[in-house]
Amino acid sequence: MGKKKMQFEVQENESIEDCLNRMKKLGYSPVRRTEKPIFQEIKKGSETIYEPVARKIIFEGILTE
């Protein structure tokens, strides 16, 4: 028997819908969506600036029976 909860990350080459379809194929239903920003560090002289460049989307799914 597999895990009851599992996390699915939206890959660079897939859409959110593709990720949800992948979850459904494996028998999971989404219960939570989390977005995490990805920052780039930029140095200007002695100052460091953190600028958002992308985001990581993660879905948490539970096993449907």
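Two strands are taken to pair if DSSP finds at least two bridges between them. Helices (H or I, at least four residues) and strands (E, at least two) are DSSP runs numbered from the N terminus. The model is predicted: local features need pLDDT of at least 70, side-chain atom pairs count only at pLDDT 80 or more, and totals for chains, interfaces and linings use all residues. Residues are numbered from 1 along each chain as its sequence is written, and side-chain values use heavy atoms, without hydrogens and water.

The model contains an open sheet of 3 strands in the order 1-3-2, with antiparallel pairing. Strand 1 (5–9) and strand 2 (28–44) each have a single partner strand and stand at the edges, so one side of each lacks a neighbour in the sheet. From one strand to the next, the twist averages 30°. Helix 1 (residues 16–25) packs on the sheet and touches strand 1, strand 2 and strand 3. Contact means heavy atoms within 4.5 Å. The direction of helix 1 makes about 35° with that of strand 3. Axes are lines fitted to C-alpha atoms, for helices over the stretch in contact; angles run from 0 to 180 degrees between N-to-C directions.

Strand 2 and strand 3 (residues 47–63) form an antiparallel pair over 16 bridges. Glutamate 51 in strand 3 is the bridge partner of glutamine 40. Glycine 61, also in strand 3, stands opposite proline 30. The hairpin of these strands has 2 residues between them, and its glycine 45 takes a positive phi near 65°.

The loop between strand 1 and helix 1 holds glutamate 14. Glutamate 14 is buried, at 17% relative accessible area (buried is under 20%, exposed over 50%, partly exposed in between; 1.4 Å probe, protein chains only).
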